[in-house]
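Here is a set of questions and answers for someone meeting this structure for the first time. Please look over the sequence and the model before reading on.

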Amino acid sequence: MEDLQRWCIRNRLYADQQALHLAKGKAAEDDAPPVPPSHLLMDGARGGAIHVPPALEGEFLRHLGADVAAGRSHFLHEIRTPVTRLYFDMDWAAPAGDAVLGAAPETRRGAVLERVRSVQRALARYYPAGAGAALDVLVCGVEGDPRTTDDGALKLGLHLIFPKLFVDREQALLLRAGAVTALRLHAERSEAGTDATAAYWEKAVDAGRYGDNRSGGLRMLGCWKLTRCKVCNNRPAARPHCVRCAGRGRLQSGRPYAVQAYLCSEGLESAEVTRHLATNAVAALSQAALRTARVAPTPGFRRYRGAPGVGAAAARPPSCGSALALVRRETPEFARIRDLVRRTSPFYASLGVLDVKRATRGAGKYMVRVAGDGSSYCQNVMRDHGSVTIYFEVSPAGVTQRCFCRCATTDGRLDGLCSAYRSNASTFDGATRDLLFPGARGRAPGLATRSAGLATPSLQRMIQQLADDPRAFPAAAAACAAPARGPARRRPRFS
Ligand SMILES: [Zn+2]
Ligand SMILES: [Zn+2]
């Protein structure tokens, strides 16, 4: 069989050929109309892209598969179509000795597949009428991973591709949020320890792979990565004389991904299919290619009530008119706040906490960003928001749900704008108050909000500083006059 490069040239699919073709005005009537790029050439060759029309897609994959099997190197990134096979790009890292990534190969493989199954179960909730075989999943990666990085951490890269599930961009992002939640809850329950945080899984499953631009998609099976040559740094002046990269400026790196496992919808591994796809590049590529001529996603998708929204990663930390200090995860305060937030409503029972920040002056309070099931459920609209998440505020008066929605509308709102909304406060016991607000000790919760500020250590320090050094007065006075919350956020309290 002709190699991929010759086949592409003959069919005039390279970007440089297409550009030349158009420039010469040769688009005669019998020529196929130009199509947008379908694959990027990460080595920058031939105009950096290939334009494969849908009719040639199968032939393209056959030629690529034959090249991969013959050991020829390619650097292809497949650009997703508007409707695409569902895929997740996972990069997961752990310190050496991690219970999952640090385990013996067979144990590790089992634990990794267990996590993939938790994703399958989570996705099934989005297809209430049953997903059939649509949740079959290809687990692709590098045999023998994880690799150890320079600083001793373990890294495992995986692509999860669902050959029978077709989604649009919005569905892909929602399903990704569901997968992130499932992975976090699984890690939390399995007590593997180090990776059970919401922020960790948000980062581990790349949210940036679904863009409408060329970045939407994945590196293809069997293809290599390129990294910049560290000797010449790809500088035009140094590159031509570089021995390390032979003048190319970049070096082949990262091993190609191959099929590591095929799980059917119910989570059972088919050893036969796994073996077939692991040893047959053409078959694997035809199952794993993201592009499709379909115009409609797989029917039956429904975002269930409480399903996580897609905005978690984008939400900026809430502002409260005061400097905020991060509360570290290992502290008892963090664990207590997570419990408090989860107990405010059954909707929030499995919420993940992205981060907790403490107001460093004024009335003591904590701002809590959340992720996972329930993180978009706003009590002010009594439903899930489309893309924004809620957050929580913990003050001596109790825990209130607040909302990142900045829409200037009161339509369908229970109590005014979401931006100003506070739910009723859930109170807590004295021991919790002592832990979280040591300065507010002994005060009645309702009275605490304003007067507790006087007792916070930072204000005490400021008062002391004022007594010690009168020159500190202007700064201290300005700090005292600053409202506890930004003026724009204030609204009348109807308590
Ligand atoms: Zn070089
Ligand atoms: Zn809201």
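Q: Which residues does Leu158 touch, not counting residues up to four places away in sequence?
A: In this predicted model, Leu158 has its place in strand β7, which covers residues 154-167. Leaving out residues up to four places away in sequence, the residues that Leu158 touches are Met90, Val139, Cys140 and Gly141.

Q: Does Leu158 count as buried or exposed?
A: A residue is called buried if 20 or more other C-beta atoms lie within 10 Å of its own. Leu158 has 22 C-beta neighbours inside 10 Å, and therefore it counts as buried.

Q: How far apart in space are Leu158 and Val205, C-alpha to C-alpha?
A: Along the sequence, Leu158 and Val205 are 47 residues apart. In space, taken from C-alpha to C-alpha, the distance between Leu158 and Val205 is 9.5 Å.

Q: Which residues have the most contacts inside the largest nonpolar core?
A: The largest nonpolar core has 105 residues. Val139 and Cys140, both touched by Leu158, are among the residues with the most contacts inside that core.

Q: How is Gln17 classed, and what is the reason?
A: Gln17 is found in helix α2, which covers residues 15-23. Because Gln17 has 17 C-beta neighbours inside 10 Å, it counts as partly exposed.

Q: What is the orientation of α3 to α8?
A: Helix α3 (residues 57-69) packs with helix α8 (residues 281-288), their axes being 8 Å apart and at an angle of about 135 degrees. An angle over 145 degrees would count as roughly antiparallel, and 65 to 115 as roughly perpendicular. The angle here therefore makes α3 oblique to α8.

Q: Over which residues does the pLDDT fall below 50?
A: The mean pLDDT of the protein is 82, and 82% of its residues reach 70 or more. Where pLDDT is low, the predicted coordinates should not be read in detail. The pLDDT is under 50 over residues 442-460 and over residues 462-495.

Conventions
Residues are numbered from 1 along each chain as its sequence is written. Chains are lettered from A and ligands numbered from 1 in the order in which they are written. This is a predicted model: local features need pLDDT of at least 70, side-chain atom pairs count only at pLDDT 80 or more; totals for chains, interfaces and linings use all residues. pLDDT is the predictor's confidence in each residue, from 0 to 100. Two residues are in contact if their C-beta atoms, placed from the backbone, lie within 7 Å. A nonpolar core is a set of buried Ala, Val, Leu, Ile, Met, Phe, Trp, Tyr and Cys residues joined through C-beta atoms within 7 Å. A residue is buried if 20 or more other C-beta atoms lie within 10 Å of its own, exposed if 12 or fewer, and partly exposed in between; C-beta atoms are placed from the backbone. Helices (H or I, at least four residues) and strands (E, at least two) are DSSP runs, numbered from the N terminus. Axes are lines fitted to C-alpha atoms, for helices over the stretch in contact, and angles run from 0 to 180 degrees between N-to-C directions. Angles under 35 degrees count as roughly parallel, over 145 as roughly antiparallel, 65 to 115 as roughly perpendicular and the rest as oblique.
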